[in-house]
Amino acid sequence: MNLIDRYLAEVERRLPVRKRADVIAELRSSLNDALERKATGSATEEDIVAVLRELGPPAAVAASYNPAPQHLIGPAWFPIFKIVTKICLLGYAIALVVQFAIHLFVAQRGDSLRGIVGGTVESVVWTIGVIVLSFHLLERLNVPLNLPVREWDPRRLPEPAPPGDRVSLLETIVSFIISAVFLVFLVRIGRSTGLPEVAFLPILNEVFRETMNWFYAAALANLAYYALLLWHTRKTAFTRLASLAAGAVGAWACLRIALGLQVRQSDLVAAGLPPAIALIAITSVFITALGIFAIAIWDAAQGLSRGGKSTADTTSALPTC
Amino acid sequence: MILEHAQQEQSSDRLAGELRKGLIPLAVLAALRSPAYGYSLQQFMVTKGFPVDQGTLYPLLRRLDEQGLLQSDWNTDEARPRKYYRLSVAGANVLEKLEAHWGELVQVMSGLLRKEGVAK
């Protein structure tokens, strides 16, 4: 088989069946015309190579005859694809948090943590694959997208988020991951038996174990808060409320530890913990609880004050012509 | 400085390429007032100073044919069978409109290119 035949065979197998015969016949005719003009006598291999190079690689030539889209999902379907994917991912995030909660609070029934995370990752990959395939089929079958055309009103554009309400995507994702890791770390601590050879540690373990569920709740609330931030992409009254709730639960968990330690202070000292260390520990946990709550309140208050201010600013910024 | 010059060259080549690309269908329709087969049309475009790659020209001919702007027939009388294209009636109408539009564009662009700039 000579070079032209090999070239045309490569183009042909990439063309839609109904076009093959005609396109290949035309290309063969054109290639022979070009070759006839190029070669003075009988065509050498170099002449053929030059003519084929001029036409281009078989895949590129075949692609230029193919009206099928060269992309998986086109611009018409892409916004819908994004919304569907987002909803599915949110569903999986909620399912993950619920599974975690069931695992932690309902007597650690159900799958292991590794099983829960592994199963979710597998399902997410599988679901995204199915969504991409479905939208690609809609694209290939040329299914028209008949969305009702709504008149666009510039007055409905959202106000740009003031600096204090802006959310860094990277920061939020990192915070989400850190919260998830912290939750797993808590679960490990909750299950560990501590170090029994030190006399006061069992008492500490007991105090922590009594409060552990509140720490789980705080970590879950944080996860939910960061998921909300990722969804809203800016701080809103709703995300501030979630932040306040997560902060309150975290502060309450710390406060419970501090109270527990205070109640058992004499036992701890009797078991060998120096009184000064016990006092420092109780005070620092108290301060941490207050700090967490104060930060949550401050963030919520800032949002409230900015909410009122930004409305006033918008009104005063209207042109006075 | 040399890099800057090279970048400018690249930009102007790219923009000139984009400008030409948009004009290829008009040039092909205009050239096919007389029938021609793929290779002969390509050579004709070269002689007219508007060269078009074969990889661009042949698929374009097929698309214009499918859109009904060209008519095509295989000629088997010659030594080698060749597919001849010529402007269809619909193609002639479209060409007429495009020609008028092109005339307006040339006028507008000439005005813009007189280096007068936007009046203050």
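These legends go with several close-up views of a predicted model. Local features are kept at pLDDT of at least 70 and side-chain atom pairs at pLDDT 80 or more, while totals for chains, interfaces and linings use all residues. Residues are numbered from 1 along each chain as its sequence is written, with chains lettered from A and ligands numbered from 1 in the order in which they are written.

**View 1. Chain A is built from helices.** Its secondary structure comes to eleven helices and zero strands. Both kinds of element are DSSP runs numbered from the N terminus: helices are H or I with at least four residues, strands are E with at least two. Of the 321 residues in chain A, 20% are buried. Buried means 20 or more other C-beta atoms within 10 Å of the residue's own, exposed means 12 or fewer, and partly exposed is in between, with C-beta atoms placed from the backbone.

**View 2. Helices α2(A) and α3(A) cross.** The axes of α2 (residues 17-38) and α3 (residues 45-55) of chain A come within 10 Å and cross at roughly 130 degrees. An axis is a line fitted to C-alpha atoms, for helices over the stretch in contact, and angles run from 0 to 180 degrees between N-to-C directions. The two helices are therefore oblique to each other; that word covers whatever is left after roughly parallel (under 35 degrees), roughly antiparallel (over 145) and roughly perpendicular (65 to 115). On the α2(A) side, look for L31(A), A34(A), L35(A) and K38(A); among their partners on α3(A) are I48(A), V51(A) and L55(A). Contact here means C-beta atoms, placed from the backbone, within 7 Å.

**View 3. Chain A meets chain B.** Here 15 residues of chain A are in contact with eleven residues of chain B. On the chain A side, α2, α3 and α4 (58-65) each give two or more residues, and α2(A) gives the most, with eight.

**View 4. Two loop residues have positive phi.** Most residues other than glycine have a negative phi. N142(A), though, has a phi near 55 degrees, and its place is in the loop between α6 (113-140) and α7 (169-191) of chain A. Is N142(A) buried or exposed? N142(A) counts as exposed because it has 8 C-beta neighbours inside 10 Å. Phi of T233(A) is near 60 degrees, and T233(A) lies in the loop between α8 (201-232) and α9 (237-263) of chain A. With 13 C-beta neighbours inside 10 Å, T233(A) counts as partly exposed.

How values were computed. Contact = placed C-beta atoms within 7 Å.
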